[in-house]
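Open the model in your viewer and get ready to click along. Each stop tells you what to select and what you will find there.

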Amino acid sequence: MLRTVSKRSTSACTRLITGLRWRSLSAAATATNTDVQDKIRTLKKRSKLHGYTVEKVDEVPELFLTAVSLHHDKTGAKHFHVARDDSNNSFSVAFKTTPLDSTGVPHILEHTVLCGSRKFPVRDPFFKMINRSLATFMNALTASDWTMYPFSSQNRKDYNNLLAIYLDAVFYPQLRELDFSQEGWRLEHENPADKSSPIDFKGVVYNEMKGVFSSQQNIFAEAVQNKLLPSHTYGVVSGGDPAYIPDLTWTQLKDFHKTHYHPSNARFYTYGNFPLEDHLQYINDNYLQNFEAISVDTDVPSEPRWNKPVEEKVTCQPDTMAPDPEKQTTLAVNFLLSDITDLDEATTLSIISTLLTDGEMSPFYQSLLEANIGSDYSPVIGYNGYTKESTFSVGLQGIHQDDIPKVKKIIAETIDKVISEGFEQSRIDALLHRIELGTKHQTSNFGLGIIMNIVSGWNHGGDAAEMLKVNSTMDRFKQRLQDDPHYLQNKVQQYFKANTHCLTLVMSPDEKYDDIRKQGEQEKLKACVNKLTDQDREKVLKLGQELLESQNAAEDLGCLPCIQVAEIDRKIQPEVMEKTDFDGIPVFSTCQPTNEVVYLRMMSFLDKVPEEMKIYIPLFTSVITRMGAGAYDYKELSHQAELHTGGLNAGTHVSAHHTNPDDFDQGVVFSSYCLERNLNRMLDLWTEIFDRSNLRDSNRLETLIKMAAADLAAGIPQAGHSYAMTHSASSLNPAAQVNEMFSGVSQVSIMKKIAELEDNSKVMEHLVELGREILNKDNLKISVNATPQFMPKALKELDGFITTLHSDRKPEQRVYKDHTTHTKSFTASSKKTQIELPFSVNYMSKSVQTVPYTHEDCPRLQVLSRLLSWKYLHREIREKGGAYGGGAAMVPKNGVFSFYSYRDPNSMNTLSVFEDAINWAARGEFTDTDVEEAKITMFQQSDKPVPPGQMGTTLFLNNITDEMRQQSRDQLFAVAKDSLVDVTQRYLVSGQKPSSLSFLGPNNSKVAEDQSWKIVKE
Ligand SMILES: [Zn+2]
């Protein structure tokens, strides 16, 4: 949803670029306790509160909340508070940041303000708080026109600790030159200690953005925005274009902070059950009252409208993973729509966009995707409401150069057709149903969801509370529809036909792209280096050394507040589940306050599927709910799913046995949810899919295969570290091996090969054969979550559903059997593999075989992974190495301990850092406090609130009981320094256990020279 958002998180930064899906706000619980809301209902308009004036109080009953809008009298800062009976409280402060160049100043500032502040003068207090807080969310995000610092916590003391740190960071950061050069960019000797070694560009954001621009998808999305809205801030790259980042100076950064990170340009948001007055008093007394109002010129003018459509071209590097190298062109037609603060117009256009592009019944799906000219929709698709004026994009990727005119023609004809025929009423009904279900379906961080939904509109002066009133907005929409039967068609005519502010963007691969980019980089570097005077050269050398020193310096973190392990609840949150047996199928039921929504999960075990068939299982899961079944063709099936459910999903599941390392479960998980009134309809759809699925539609299958292959290929740069870890784990145990086959980089190349086949009839037969095994009730187990009131009815309907399903067994034979896969012949082996991919950065990984979940060493290894990440690897790989991220993870799901780096300019050096980290831990060069902090991050993870629809999944999917979880928790509390040194020596030190290295990255001379490496070219 967020176009070019830089998201700074604990280990990896993802700049999200996606098209529109209907953004649903969902209620977190059936709120019964309204005390929290009652308190603020007494507030009167214009009443004064700790330096603030109340502007208004709004009720939003459909989301069980009461909202207060206020402004700060002295500075004009805006504050929006949402009172709601939810213990997962949220805070955020957002600034309107509208740069006019591509130096990435807002993005670099976002990184730099988190490098130490007045009260907390330590490097990276934000990162360090990760060890000292129970936050359920902590982050900083840079979008095209705002920068936001949000967090959530369920613990009052912790919330106040974080509030102090966040406010101090944004209003009183140190912004030292050293921080600027570390986070932004700098010139540095390859070896900072050796002034004869060559000078190069370094910096965290510099490397991060190089990574971002190595993805075709990102290049395209950025170009659409830059070229469709060229006149002001959207015409530049807010995250920073590596070609321009070195133009930014430290002084410019400080100036940008002074004018943009000021209360007069700020929007504060608080959410949850903590009292508003406390928030206001703290913010005013400690920060805002110290500032005078300034006038800030950050407004974005409306884009001057074009009087005729525009065509533009961009290039990108060829994708060697693309299923068909001849088909790598992307084309999208993009329209500028209306101001996002006009809520009714925005709602209408967002609904129209969804109707146009979303789902198999939509006109563009049928005209563009089913034509089988391209692999999938273009990377930006549908409505985008994250710029001051919204936009709509539609197009295809993976097309042949020669098909450009054809695609343009189809798009124009499709719009004409919609104008003349309109949309079917039942599709509008399906979308309205989805919106209704969306307000009731509950996700885990509701408070954060609210601010993410409203921040863009609010940032441009929209009314925050109005944006939350889903019901009245939808009522007005329905009224307009009723008053004018041609309402939607007229809007399509106005915005998609008569609109001359229309950009057709074509992106095609250029063999020389990478060379040109590298050459540009070299020229820029040369220009910078040539300009250096002797004095400057001294400074480069000194800065490099200072940076090294400051990175190595031990810091006193005493100023940072900390949650104590003793303050953490020793008891797990139990998962209360009932198990019933229907016709030999175990059904697990969990009663939860689900807000009249029913959640269903069905796992079909794969233990009897022949090995050679397993590579097709991921394809099976991505097509099985989308091929049509029984009376429904795939369009009708998709339509029925939209009318009655939140979607029908299928995916693979692999988990190592909790106790025995040679055993594991493998399955396909089917999942869906619906309003209570629609449960029988939802089950009918699953019956059709299980008993009468239609896998023999060759044309449809071809479309889905192409989409799956393109999706997978495009996803690699975003999650390269996961792919590297999945691969390095795969030689160590049978569960990890199957996991690599299902979701690793080898699956990406299998899917590519399948997509390249001329004839898919063999694949089709494999899928049909798989269907016999997977869509068979003999292999099933089921779980359902619903309200206690509805559960008896839900179970009754499930009973009926189960009797309809196919079984190969006679009724008397239907008893539940163990479906765990037991392996006898697997031998772990140590391997070194490079998967060669045309990236400009590397994703390194090392995995070591360790122990399963219930083993007493598992909690120790989990704490050790945190300790290594936060006390060693982050410093060495990110701060010194210039990678975007690096760390270690203990994954009980496969019993493997892994090290990784993310968007890493280094390769072999990082592998040495992994070894150094192990030796550091084996020598016990850390303190008891470090261990306590590592434990806090573990609890932070495990104590995240679980939404009602997901309660019980630990037991259902991984067979991990409450007793095991409690035991693991007890052991976590007991972890001490000695035991960490001990497990490091017994598992991680070289030669103790089988271990493998894998990485994704470009051609590497060291690897090429070394025979012990296997190079896989993709
Ligand atoms: Zn970033």
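**Stop 1**

Select Arg-965, which is buried, with a relative accessible area of 17%. Buried here means under 20% relative accessible area, exposed means over 50%, and partly exposed is in between, using a 1.4 Å probe and protein chains only. A salt bridge is a side-chain nitrogen of Lys or Arg within 4 Å of a carboxyl oxygen of Asp or Glu. Both residues sit in helix H33 (residues 962-974), three residues apart, which puts about one helical turn between them. Helices (H or I, at least four residues) and strands (E, at least two) are DSSP runs, numbered from the N terminus. An α-helix has 3.6 residues a turn, so residues three or four places apart point the same way.

A word on what you are viewing: this is a predicted model, in which local features need pLDDT of at least 70 and side-chain atom pairs count only at pLDDT 80 or more, while totals for chains, interfaces and linings use all residues. Residues are numbered from 1 along each chain as its sequence is written, and side-chain values use heavy atoms, with hydrogens and water left out.

**Stop 2**

How many salt bridges does the rule count? The count comes to 62. For one of them, select Arg-41 and Asp-38, where the closest N and O atoms are 2.6 Å apart. Both lie in helix H1 (residues 35-41), three residues apart, or about one turn of the helix. Arg-41 is partly exposed at 34% relative accessible area, and Asp-38 is partly exposed at 36%.

Next, select Lys-157 and Glu-567, whose side chains meet in a salt bridge of 3.1 Å, N to O. Lys-157 belongs to helix H4 (residues 156-171) and Glu-567 to the loop between helix H19 (534-552) and strand E19 (578-582), so the pair ties together parts that are 410 residues apart in sequence.

**Stop 3: the zinc ion**

Which atoms coordinate the zinc ion? They are NE2 of His-107, NE2 of His-111 and two OE atoms of Glu-208, at 2.2 to 2.7 Å. Donors are N, O and S atoms within 2.8 Å of the metal (3.2 Å for Na, K and Ca); water is not among the atoms, so sites may look incomplete. Along the chain, the donors follow the spacing H-x3-H-x96-E.

His-107 and His-111 are four residues apart in helix H2 (residues 105-112), about one helical turn. His-107 is buried at 0% relative accessibility, and His-111 is buried at 0% too.

**Stop 4: helix H7**

Finish by selecting residues 216-228, which make up helix H7. Is H7 largely enclosed or open? Eleven of its 13 residues are buried, so H7 is largely enclosed by the rest of the structure. Among the buried residues are Ile-219, Phe-220, Val-224 and Leu-228. Show the neighbours as well: the buried residues of H7 pack against several elements, including helix H6 (204-212), strand E13 (310-316) and helix H18 (513-531). Contact means heavy atoms within 4.5 Å.

Technical notes. Expected span 1.5 Å × (residues − 1).
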